[in-house]
Amino acid sequence: MKTRILLTTTSYQDIPGPHHQMLEDSGFEIIRERGPLSEERMIELVGDIDGMICGDDAITSKVIDAALPRLKVISKYGIGLDKIDTGYVEEKGIPLTFCPGVNHTTVAEHTFGLMLSLFRHIVEEANYTRSGSWTRLSGHEIMGKTIGIVGLGRIGREVAIRAKAFGLSVVGYDIYWPEEFANELGIKRVDSIAEVFKEAEILSLHTNLTDETENMVCAESIATMKDGVVILNCARGELVNTQDMAAALESGKVGGYGADVLDVEPPPVDHILLSAPNCVITPHIGSRTHESVQRQAGMATRNLLNFFAGKPAEAQANKAPWPNA
Ligand SMILES: NC(=O)c1ccc[n+]([C@@H]2O[C@H](COP(=O)([O-])OP(=O)(O)OC[C@H]3O[C@@H](n4cnc5c(N)ncnc54)[C@H](O)[C@@H]3O)[C@@H](O)[C@H]2O)c1
């Protein structure tokens, strides 16, 4: 019987690179879908596949049950495992591989793109000039401001490096503090997420989505922040309470929100943040550069092929307590 692989990630499929040939050369039958897929759609598809290269599709216990006994491996394209019921995958003994260390520079660059867009009104101004209007708004420098970074993992650290180069002061918090890196770069360590919230003029979120981090930016925590704080979120939409963020943007308490992610993706047309003031949202493209996609797709493909060849994966998520452990 031919090995059948479900491939759902769109950037993998849309961007050229050697990963296409690598997958082709495997001789596997590839079932191509445009994700991220709902639980319902996944259940329809997974019954007769041996492996998957997935993005942010819903991989719930029901999906796993529908995929067994045939499913042998899940190769997650990317790093965030929050849409996967990892506990259940582990319980069923299915190897889950992922792609750490391939997209952090690309996402950090995107974070700066959003930051500069907000401080210099770049999106608004470009829209004005395109429509024939020479409307000159005044922005703010970022030099000398304090950026608070929550989560100094791979992406958070790249943001810190760039922040230093832009002349920002950096304060940070992580449950695993990168001592050597922080000392070298001169990052001020604080004792909690709440402390970062209090000190930041620019707040950048880079944690995984977990029970503790979900909704960490909400009305209650926003009230403790500096007036006019600019918040950046290239991690996960669910870290921020959407209604509370919209209200804080309306009142001006939050001076700007730059997000690459939303609680619902793609969002409904009436999603409240799409029309909120001082809000720049991109459609989850933080890691979608040709360079990053080729690295990530190469790794996801090698992880899958290694499994079927009986070799170890380059990175197996359900062998370490934390992705960057
Ligand atoms: N926008 C995109 O396209 C895109 C691309 C890649 C990753 N991401 C997201 O970015 C986030 C970070 O990715 P990464 O590659 O840096 O991951 P990472 O695992 O290297 O870093 C995450 C860090 O968050 C820390 N953390 C977890 N829980 C915490 C808590 N309660 N308090 C403080 N720190 C906590 C971890 O210790 C870790 O250091 C993830 O949510 C990931 O899903 C988004």
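Start at the ligand and select Cys234. One of its backbone N or O atoms sits 3.1 Å from a ligand nitrogen. That is a polar contact, a pair of N or O atoms within 3.5 Å; within protein, one atom must be able to donate a hydrogen and the other to accept it, and residues adjacent in sequence count only if both atoms are side-chain atoms. This is a predicted model: local features need pLDDT of at least 70, side-chain atom pairs count only at pLDDT 80 or more, and totals for chains, interfaces and linings use all residues. Residues are numbered from 1 along each chain as its sequence is written, and side-chain values use heavy atoms, with hydrogens and water left out.

**Domains**

Zoom out and colour two selections. Domain 1 is 4–102 + 289–309, and domain 2 is 104–281. The bounds come from an automatic or database domain assignment. Over C-alpha atoms, the two centres are 30 Å apart. Show the contact between them: 12 residues come from domain 1 and eight from domain 2. Contact means heavy atoms within 4.5 Å.

Compare with the UniProt record. An unreviewed entry lists residues 20–316 as "domain: D-isomer specific 2-hydroxyacid dehydrogenase catalytic". That stretch is 37% helix and 15% strand, with end C-alpha atoms 22 Å apart. UniProt, again in an unreviewed entry, places "domain: D-isomer specific 2-hydroxyacid dehydrogenase NAD-binding" at residues 112–286. Those residues are 33% helix and 17% strand, and their end C-alpha atoms are 11 Å apart. Feature names are shortened, and annotations may be inferred rather than shown by experiment.

Go to the loop between strand E2 (29–32) and helix H3 (39–45), where Pro36 is found. Helices (H or I, at least four residues) and strands (E, at least two) are DSSP runs, numbered from the N terminus. The peptide bond joining Gly35 and Pro36 is cis, with omega about 0 degrees.

Arg34 is in the loop between E2 and H3. Which residues does Arg34 touch, not counting those up to four places away in sequence? Select Thr8, Thr10, Gln13 and Asp14. A 2.8 Å polar contact joins the side chains of Arg34 and Asp14.

Most residues other than glycine have a negative phi, and most peptide bonds are trans. Jump to the loop between strand E11 (254–259) and strand E12 (279–281), which holds Pro266. Glu265 and Pro266 are joined by a cis peptide bond, with omega about -10 degrees. Asn278 lies in the loop between E11 and E12. Its phi is positive, about 50 degrees, although Asn278 is not a glycine.

End at His121, in the loop between helix H6 (104–119) and helix H7 (122–130). Phi of His121 is near 55 degrees, a positive value in a residue other than glycine.
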